[in-house]
Amino acid sequence: MQLEIIKDDAPVLRQKAKPVRIINASVRKLMDDMQETMKEAHGVGLAAPQVGVSRRIIVVDAGEGLYEIINPEILSAEGQETAIEGCLSVPGWAGEVDRYQSIRVTGINGDGNKIWLDASSFLARVLQHEIDHLDGVLFVDKATTLMEATGEDEEPVEVAAKPSKFRIVYMGTPEFAIKPLEELLSCGHDVTMVVTQPSKRGNRGQLEEPCVKEFAASRSLRVVQPESVDDEQFVQAAKDAQPDFIVVAAFGQKLGKELLSVPKYGAVNIHPSLLPAYRGSAPVQRALMDGQSRTGVTMMRMTPRLDAGGILAQSAADISPSDDAGTLGEKLSALGAAMLPRVLHEMALGRARVIPQDPAQVTRAPRLRPEDETIDWSRTAAAIGNQVRALRPAPGARTSFRGKNVKIWSVEEAGAQARDASPGSITCEDGTLTVVTGDGLLRVLEIQPAGRRRMPAAEFLRGYRPATGDRFESHA
Ligand code: CO
């Protein structure tokens, strides 16, 4: 039976296919059908994901006989050869791909027997191409040039050398922006300029440099810190850089229309939420405060309206109960870094699908204000716990004790409380510090009195000896 060949951006082509555990009649039928489908399509190889089955099965006929291999693996590889490839799942395109010249492959045949196969040149190429399919990789990901294939009998006509190395202007400021930048560098892209917010004077007058500036300097990248990226002077500098892309990650300034029109393929923003949820500058903290158990990263094509551009790609991530803004930010930064190269690649090929955001689903994640940092003890224990972890590692959740500020860095829920207890009342027992909230007790684990370092609750109790009637107040 001939099967339909899955094409272009179907998710099944981008997944890692699962190994086959049992070779039964349906697996054998699938292999027969794949073989028939490959022949009908005049292909030299076919992988199961190309017919919509996410299993590790390939069939290959490169003129040296038919091979059907289950769970194929490359054991060793040698040499290098560059040649033009196409793919039944990427119709209309061909491109030069570097492959190993010879490989040794192992796997299982349709009879369930282990096989070894030494292949070189064209057969080796076809095997590598098909095994890539099992890992969600298409030849266009590896192609060093890309051409439009004009017809079956004609030589493909080169329309554009695919720039596998992009010129990038990167804009980012905090820690979150480092991993994606690192990823671009490790892919070999040419980051011609790193743009970050101006350095600030700290409380004690010391100069505070953005995290990204320090990282960029360690890689000897050119760093600029304009007061406004829409200044004529900066826009001209961006034009002079002739970027293929502007990539933005938690930069902290809006980009105007003129600047957005500078890069050849467009401007991409890495936003740590599943847009259109949590638009704005504090999506990680706001998701934690709301007690969400899931968030993610969105790659967005930038438009002059903040966070309103079309969605290029999205990946979800779980929020664990122990996550705070630090650990969650790190998780999302790594996720964004992993997503970025493919998005740029597909945009450059003009193959990116842009999905508009649904205006009806928009929620906001506004910048944290001082009042977001103050604990209101009449709220629920869960809400206060979420607030504490949303504000860790900075700036910290605040309350007041004997008229002075203290920061609460870590709490855990500690069960029910007496019905008449008033929110903010504290109890000290056996070296533990518990606080009454709107609906239950919270145990304070780590606390920081004004002008002191962070300390465990037991140390605070020894130093400050709270007495009966002492309480945390919401306002200093
Ligand atoms: Co293919």
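Predicted model: local features only at pLDDT ≥ 70, side-chain atom pairs only at ≥ 80, totals over all residues.

Reader: What does Glu 371 form a salt bridge with?

Author: Its side chain meets that of Arg 369, at 4.0 Å from N to O. Arg 369 is partly exposed, with a relative accessible area of 40%.

Reader: How many salt bridges in the whole structure?

Author: A search finds 26. Among them is Asp 118 with Arg 104, where the closest N and O atoms are 2.8 Å apart. Asp 118 lies in strand β7 and Arg 104 in strand β6, so this pair ties together parts 14 residues apart in sequence.

Reader: Is Asp 118 buried or exposed?

Author: Asp 118 counts as exposed because its relative accessibility is 53% and the cut-off is over 50%. Arg 104 is partly exposed at 35%.

Reader: Which residues are linked in a network?

Author: Glu 85, Arg 99, Arg 125, Asp 132 and Lys 142 are linked by salt bridges.

Reader: Where is the patch of negative charge?

Author: On the surface, where Glu 227, Asp 230, Asp 231 and Glu 232 gather. Glu 227 sits in the loop between β14 and α6, and is exposed, with a relative accessible area of 64%.

Reader: Changing topic, how many disulfides?

Author: The count is zero.

Reader: And Cys 87, buried or exposed?

Author: Cys 87 is buried, with a relative accessible area of 10%. Cys 428 counts as partly exposed, at 31%.

Notes
Residues numbered from 1 in each chain as written. Heavy atoms only, no water. Patch = residues over 30% accessible without salt bridge, like charges linked within 9 Å, V, L, I, M, F, W, Y side chains within 5 Å. Areas by Shrake-Rupley, 256 points an atom, 1.4 Å probe, with all protein chains shown as cover. Lys, Arg positive; Asp, Glu negative; His and termini not counted. Charge placed at Lys NZ, Arg CZ, Asp CG, Glu CD. Helix = DSSP H or I, 4+ residues; strand = E, 2+ residues; numbered from the N terminus. Buried < 20%, exposed > 50% of the residue type's maximum accessible area, 1.4 Å probe, protein only. Disulfide = S-S within 2.5 Å.
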